[in-house]
Amino acid sequence: MAAYPAWDEDGARLIVASLSHLEGATLPILHALQDEFGYVDPQAVPLIAETLNLSLADVHGTISFYHDFRTTPPPPRLVKLCRAEACQAVGCETLVEELAREHGIVVDGPGSEGRGAVESVYCLGNCALGPSALVEGELLGRVDADRIAALCGEPR
Ligand code: FES
């Protein structure tokens, strides 16, 4: 569950080209773009239309028909990091220091534009597998600073 990379026209072009031979390629292309970037940037529309010889309206129509497609970047993640006793015993405070020192992420800090934030919580009921974190409803065990930073993504 890594953070998504920023939209990248060349990367998108490669994805479109690699799937354009498929029958009914629009949907597989849209899914692949969303899997890669977390959303389908409006810049993809002319790219897909041109490659598949469709109108812009056709591509727009497909995107808007299926509600699963996002056309804006997903909101930054909120990572809840456990700092209660059992997780302290296995290094969560060291993790907090490493996040600040090596990744510039201040736990319970203001966060930065477009980047996920980390918030302290006190016991996630996953004490045997600490340090523990909760991200989008998913409980993670034995996390380290690199993993938390990857979940937060790069500042945009
Ligand atoms: S103390 Fe961290 S999950 Fe319980």
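User: Say a salt bridge is a side-chain nitrogen of Lys or Arg within 4 Å of a carboxyl oxygen of Asp or Glu. How many salt bridges does the count come to by this rule?

Analyst: The count by that rule is 5 salt bridges. This is a predicted model, in which local features need pLDDT of at least 70 and side-chain atom pairs count only at pLDDT 80 or more, while totals for chains, interfaces and linings use all residues. Residues are numbered from 1 along each chain as its sequence is written, and side-chain values use heavy atoms, with hydrogens and water left out.

User: Give me one. What does the side chain of Arg13 meet in a salt bridge?

Analyst: The partner of Arg13 is Glu9, at 3.5 Å from N to O. Both residues belong to helix α1 (residues 9-19), and because they are 4 residues apart, about one helical turn separates them. Helices here are DSSP runs of H or I with at least four residues, strands are runs of E with at least two, and both are numbered from the N terminus.

User: Is Arg13 buried, exposed or partly exposed?

Analyst: Arg13 is partly exposed at 44% relative accessibility, and Glu9 is partly exposed at 27%. Buried means under 20% relative accessible area, exposed means over 50%, and partly exposed is in between, with a 1.4 Å probe and protein chains only.

User: Which residues are linked in a network of salt bridges?

Analyst: Arg83, Glu93 and Asp108 form such a network. Between Glu93 and Arg83, the closest N and O atoms are 2.7 Å apart. That pair links distant parts of the chain, 10 residues apart: Glu93 is in helix α6 (residues 92-103), and Arg83 is in the loop between β1 and α5 (85-89).

User: And what about Asp108, where does this residue lie?

Analyst: The side chains of Asp108 and Arg83 meet in a salt bridge of 3.9 Å, N to O. Asp108 lies in the loop between α6 and β2, and Arg83 in the loop between β1 and α5, so this pair ties together parts 25 residues apart in sequence. Arg83 is buried, with a relative accessible area of 14%. Glu93 is partly exposed at 28%, and so is Asp108 at 47%.

User: Changing topic. Which domains does the assignment give?

Analyst: The protein chain has domain 1 (9-65) and domain 2 (78-152); the bounds come from an automatic or database domain assignment. Taken over C-alpha atoms, the centres of domain 1 and domain 2 are 36 Å apart.

User: What order do the strands of the sheet have?

Analyst: The open sheet has 4 strands in the order β2-β1-β3-β4, with mixed pairing. β2 and β4 (138-140) are at the edges with a single partner strand each, so one side of each has no neighbour in the sheet. On average, neighbouring strands are turned by 25° against each other, direction ignored. Two strands pair if DSSP finds at least two bridges between them.

User: Do β1 and β2 pair in the parallel or antiparallel sense?

Analyst: Strand β1 (residues 78-82) and strand β2 (residues 117-121) pair in the parallel sense, over 5 bridges. β1 and strand β3 (residues 133-135) run antiparallel, joined by 3 bridges. Lys80 stands opposite Glu119 in β2 and opposite Leu134 in β3. Further along, Cys82 stands opposite Val121 in β2.

User: Which strands does helix α7 touch?

Analyst: Helix α7 (residues 145-152) packs on the sheet and touches β1, β2, β3 and β4; the direction of α7 makes about 160° with that of β1. Axes are lines fitted to C-alpha atoms, for helices over the stretch in contact, and angles run from 0 to 180 degrees between N-to-C directions. Contact means heavy atoms within 4.5 Å.

User: Last one. Where is Ser20 found?

Analyst: Ser20 is in the loop between α1 and α2 and is partly exposed at 27% relative accessibility. Not counting residues up to four places away in sequence, Ser20 touches Ala25, Ile29, Thr51 and Leu52. Ser20 and Thr51 are 31 residues apart along the chain, and their C-alpha atoms are separated by 7.1 Å.
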